[in-house]
Amino acid sequence: QPPRACEDYWWEWKHCRGLRHAFHHYYAHGALPSCGRWREDYEACRAWERGGAASAQVPRGDRPGGGPGIQESRGQKYAPVWRLRKSPPPDWYLPLDQ
Amino acid sequence: MEDGEGESSPAAETKGAEEKDDFGYRLFPDRNKKPQSFLVRSLFTFHNRCQVMLRMTLETNPYAQLLLEAMKQSGCTVFNDRHFSCENCDGCVSGGFDAATSQIVLCQNNIRQQSHMNRVVTHELIHAFDHCRAHVDWFKNVKHLACSEIRAANLSGDCTLMNEIARFKFGLKRHHQTCVRDRAIRSILAVRKVSKETAEKAVDEVFDACFNDLEPFGRIPHSKADARRAYKDFQNRDRYNANL
């Protein structure tokens, strides 16, 4: 089953091609967005629904670090700045006078 | 500060003041003071207004709702009366995150509009979210502080075009990143006794990694509609991860 409903990929593609998103992308990244990957993912999703072999591929938009929209990180991995916790901070729920 | 607008200064403060660095504690003089009486607080401060606006934000603002949900999933459920505190603050600061008490401080004397409250709460919740999910060394590691500041300025709506124009800061191509960088440096300088060069160096070193760390939003939300979409995607994330 695809990670998301096909309509979600369609929505992301339409949203990506809109003027408002193009403006915000230019404002944030200095370049216009590339939206082709969402369309490809939508087509692949529809092909899967029709029972095609294209379903074997992980949608590019959903791959970690790939694709606009979800995790707009341009496909690059960066060294983490801090170490992730395995459990929440022990004093999160402590009453204030402690 | 800048044009009289209150600025979020997310500081990690310690209860004991250091000899050289008070970690921004001077900006929040009501921390650790005896709470005022209910009558004094209600009649002579903006405490009630702050509480009403805070509740409105937590119940209706999609940025805040996404962060609250993300924190709950990380094991840090946020309770209004435990994790938020409306206080009077010094200067133009709008709020802060006190890692020592795991509390978000909101400056009731400097936050006057609901939109400002929305932004400040989002900004501080991002710090709280980072504190919850990672070992952030707020006191000793300027890079950690810089990273959280970059993320908060990036994702809270601090650097929208309209907000920048209101500050008379004009720019278009990649101006969002310029704004994020500048605000991160200013926030560090407000709460740490470090030189401007040190703050700039710390921000520049971690900028790429932290600007592209979009958790829990998954995108840079440029509007409430973006935030609502991000919230919906976050709620469906379990399905995404199961199916990938």
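Predicted model: local features only at pLDDT ≥ 70, side-chain atom pairs only at ≥ 80, totals over all residues.
A salt bridge here is a side-chain nitrogen of Lys or Arg within 4 Å of a carboxyl oxygen of Asp or Glu. Residues are numbered from 1 along each chain as its sequence is written, chains are lettered from A and ligands numbered from 1 in the order in which they are written, and side-chain values use heavy atoms, with hydrogens and water left out.

**View 1. A salt bridge joins B:R229 and A:D8.** Their side chains meet at 3.1 Å, N to O. Across the interface of chain B and chain A, the rule finds 3 salt bridges. On the side of chain B that touches chain A, 23 residues are nonpolar, 20 polar and 16 charged (Ala, Val, Leu, Ile, Met, Phe, Trp, Tyr, Cys and Pro count as nonpolar, Asp, Glu, Lys and Arg as charged, and the others, Gly among them, as polar).

**View 2. Strand β1 of chain A pairs with strand β5 of chain B.** Residues 83-84 of chain A and 134-135 of chain B run antiparallel over 2 bridges; pairing needs at least two DSSP bridges, and strands are DSSP runs (E, at least two residues), numbered from the N terminus. Here A:L84 stands opposite B:A134.

**View 3. Residues 64-74 of chain A have pLDDT below 50.** Chain A averages 79, with 71% of its residues scoring at least 70.

Key
Helix = DSSP H or I, 4+ residues; strand = E, 2+ residues; numbered from the N terminus. pLDDT = per-residue confidence, 0-100. Contact = heavy atoms within 4.5 Å.
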